[in-house]
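Subject: Structure handover

Hello,

Here is the structure for you to look over. My notes follow below it.

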Amino acid sequence: MSEPENETSRPDAVEQARTRAEKMFRALPQEIHDLGRLFEDAGHELALVGGPVRDAILGRSSSDLDFTTSARPDDTEAILKRWGGTIWDMGRDFGTLGAQKAGVQVEITTYRSETYDPLSRKPEVSYGDTIDGDLSRRDFTVNAMAVRLPSLEFIDPFGGLEDLAHGLLRTPVRAEQSFSDDPLRMMRAVRFASQLGFEIEDATAAAVTQLAERIDIVSAERVRDELVKLINGAEPRRGLEQMVDLGLAEYVLPELPALRLERDEHHHHKDVYEHTLTVLEQAIDLETDADGPCPRPDFVLRFAALMHDIGKPDTRRFEKGGQVTFRFHEIVGARMTAKRMKQLRFDKDTTKAVTRLVELHLRFHGYADGEWTDSAVRRYVTDAGPVLQHLHRLTRADCTTRNKRKARRLASAYDDLERRIDELAQQEEIDAIRPDLDGRQIMEILDLAPGPVVGEAYKHMLEVRMDEGPLSQEEATERLRAWWRARSVD
Ligand code: ATP
Ligand code: MG
């Protein structure tokens, strides 16, 4: 299996990563090796770059195949035509073309060397001439590695492989420079902390703290996309904690750091921030496989878990007798959630789903105290509507008490509620059953005028339907006639 080991030095993490990567690069589809040769023949450089290189070294498959090239877009297009792929424009103004051949999809961008206008949101694009220059303007060293084609030469001018082996996020150039050039990179740092489970290197982290407020010049959509990837990542707690600790959350999601309420002098309530992160992790544990109702990663469930208590700081009251209450925090929280999601330009459906969950997250607690009437159960189901399955999970996750008895009591009360929801649903299905023939058809077939006999016949046909399930029209008509004959004989 493994390569023969050197006598003197055992292969360390870096070498292992390199070996693993080389194997994966050799295993790239033949179409990709062919494409590399076509670029070489045309006198241009082509290299796989960024995400797919990083993921290959981590031993993960990557859906995107991103390339960087010395060729300008017109030359790239000509080569892609020769390759025989379907070509589309990914943003020619930014130097990017997409293409596909035999199920292999590629994205090719001309080397860049940006110049930045410190007051503008978007970097200005200018083409560069060297791969090192292109790599130097990328966000992190682990994303600034490339593999040339067709030679498979590995290019790593900033020590990305080493950082990858140690799980570190570090900017290739000075962090302050990189983050003021494009402040979105600060969000990308916390996003990758969640996705990859990496640490942010000290100087890079310090630069985030220093420049956090500059995230405000970035468009809400770009920030939102990174936030979604963070929350859907493998370790959202890590990413969120970094976002809060480095001061970035203050600008992106201020409701989160605001949950760090000091405890009152009697230590009567728990730290809502810590509780929230635990609820998020517990909600993630309740996600399902792809064929279940909440396939992981379920952003709506995760974000609702994160936002469910954000109304607490604004509704906190210290009552006489030292009690702390948060009356109507679910209503206030739902309003705050809608506002924040609108600011982050989330679509209407997602916003509505998350907001509704925040608003309903407490409703169940009345159930644990005393059983609900059937109509209260039905109202719970109708109010939750399409997010009922999410609400089940959010409510169950929203229990972080260390008191095992209490936790068990809540869980079994929720089991009971779900059982009643099922029973009611079944009952409603039964109630919706109608006989195969309606009153008008019955009157027609038996040539009857309206009267109590029609009701009798209808009742009989309903019995038949309940006992035997649906029948064809002919069969039902036959059964009706049989009943009528037997009745006339009596
Ligand atoms: P994934 O696609 O898995 O989310 P990725 O690393 O491919 O991760 P993308 O957003 O697709 O991330 O970006 C592709 C590559 O472009 C990155 O690996 C990085 O090298 C570079 N990059 C993307 N955004 C920036 C940015 N804001 N500043 C600098 N480099 C960036
Ligand atoms: Mg990508």
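Helices (H or I, at least four residues) and strands (E, at least two) are DSSP runs, numbered from the N terminus. Just after helix H11, Gly-247 takes a positive phi of about 85°.

Some ground rules. This is a predicted model: local features need pLDDT of at least 70, side-chain atom pairs count only at pLDDT 80 or more, and totals for chains, interfaces and linings use all residues. Residues are numbered from 1 along each chain as its sequence is written, chains are lettered from A and ligands numbered from 1 in the order in which they are written, and side-chain values use heavy atoms, with hydrogens and water left out.

Domains. The assignment, from an automatic or database source, gives domain 1 (1–171), domain 2 (174–253), domain 3 (263–432) and domain 4 (439–489). The C-alpha centres of domain 1 and domain 3 are 44 Å apart.

Helix H11. Buried means under 20% relative accessible area, exposed over 50%, partly exposed in between (1.4 Å probe, protein chains only). Among the buried ones are Pro-236, Leu-240 and Met-243. Their cover includes helix H8 (184–196), helix H10 (220–231) and helix H14 (299–307).

Cores. A nonpolar core is a set of buried Ala, Val, Leu, Ile, Met, Phe, Trp, Tyr and Cys residues joined through side-chain atoms within 4.5 Å. The largest has 112 residues, and Met-187, Met-243 and Phe-303 have the most contacts inside it. Apart from it lies another core of 9 residues, including Leu-437 and Trp-483. Contact means heavy atoms within 4.5 Å. Leaving aside neighbours within four places in sequence, Phe-303 is in contact with Leu-227, Ile-231, Leu-253, Met-341 and Val-354.

Ligand 1. 15 residues surround it (a heavy atom within 4 Å). The closest are Arg-54, Asp-182, Arg-185, Arg-188 and Arg-191. A polar side-chain atom of Asp-182 lies 2.9 Å from a ligand nitrogen atom. For Arg-191, a polar side-chain atom lies 2.8 Å from a ligand oxygen atom. The protein covers 78% of the 590 Å² of accessible area (Shrake-Rupley, 1.4 Å probe) that ligand 1 has on its own.

Asp-55. Asp-55 sits in helix H3 (residues 51–57). Asp-55 is buried, at 10% relative accessible area.

Best wishes

Conventions. A polar contact is a pair of N or O atoms within 3.5 Å; within protein, one must be able to donate a hydrogen and the other to accept it, and residues adjacent in sequence count only if both atoms are side-chain atoms.
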